[in-house]
Amino acid sequence: DPNSTPPPLKQCDCLVEMHVAEYATPQPEGRTHTSFIGEGGRQAVQAVTKTIRSTYCCHLEIPGRTKGGPVGIVAKTTLQAIPACHYLMQQLTENQVQARIHRNVKA
């Protein structure tokens, strides 16, 4: 359903952390989002975020420019998170991404 939205973060129990080199360290001057295929940039991130929200009912969390850390997918269940991760990995230019799944977490 293209109009579906993910549940609120407080209702989500699954967190998948994906370690992408571009987001590992803070970049105070701003992020370029070159890790995404195509033109990259903010438009690519917004398109991926929209697809993950509407198609997979998951949240995409990307560290801000003053923070570093993993890219996160937050979902109600692992059954929602894993296809979203697969989609996200197809949208990244990096071919070596480490991921970790955490279950029964509360945001």
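Visitor: How many residues does helix 1 have, and how far does it reach?
Guide: Helix 1 has 16 residues and reaches 22 Å from first C-alpha to last, close to the 22 Å expected at 1.5 Å a residue. That expected span is 1.5 Å times one less than the number of residues. Helices (H or I, at least four residues) and strands (E, at least two) are DSSP runs, numbered from the N terminus.
Visitor: Before we go on, what sort of model is it?
Guide: It's a predicted model: local features need pLDDT of at least 70, side-chain atom pairs count only at pLDDT 80 or more, and totals for chains, interfaces and linings use all residues. Residues are numbered from 1 along each chain as its sequence is written, and side-chain values use heavy atoms, with hydrogens and water left out.
Visitor: OK. Which residues of helix 1 are buried?
Guide: G41, A44, V45, V48, I52 and S54. Buried means under 20% relative accessible area, exposed over 50%, and partly exposed in between (1.4 Å probe, protein chains only).
Visitor: And what covers them?
Guide: The cover includes strand 2, strand 3 and helix 2.
Visitor: What follows helix 1?
Guide: C57 does, and its phi is positive, near 55°.
Visitor: Switching to helix 2: which residues are buried there?
Guide: A81, A84, C85, Y87, L88 and Q91. Down the axis of helix 2, the buried residues fall within an arc of 165°, so they line one face of the helix. The arc is that of the directions from the helix axis to the C-beta atoms.
Visitor: What does the face turned away from that buried side carry?
Guide: The exposed residues L79 and H86.
Visitor: Now the largest nonpolar core. How many residues are in it?
Guide: It has 22, and F36, I52, I73 and L88 have the most contacts inside it. Strand 1, helix 1, strand 3 and helix 2 each supply at least two residues of this core, and the largest share, five residues, comes from helix 2. By nonpolar core I mean a set of buried Ala, Val, Leu, Ile, Met, Phe, Trp, Tyr and Cys residues joined through side-chain atoms within 4.5 Å.
Visitor: Last one: what pattern does the chain follow along the sequence?
Guide: β-α-β-β-α-β, with two helices and four strands in the chain.

Conventions. Contact = heavy atoms within 4.5 Å.
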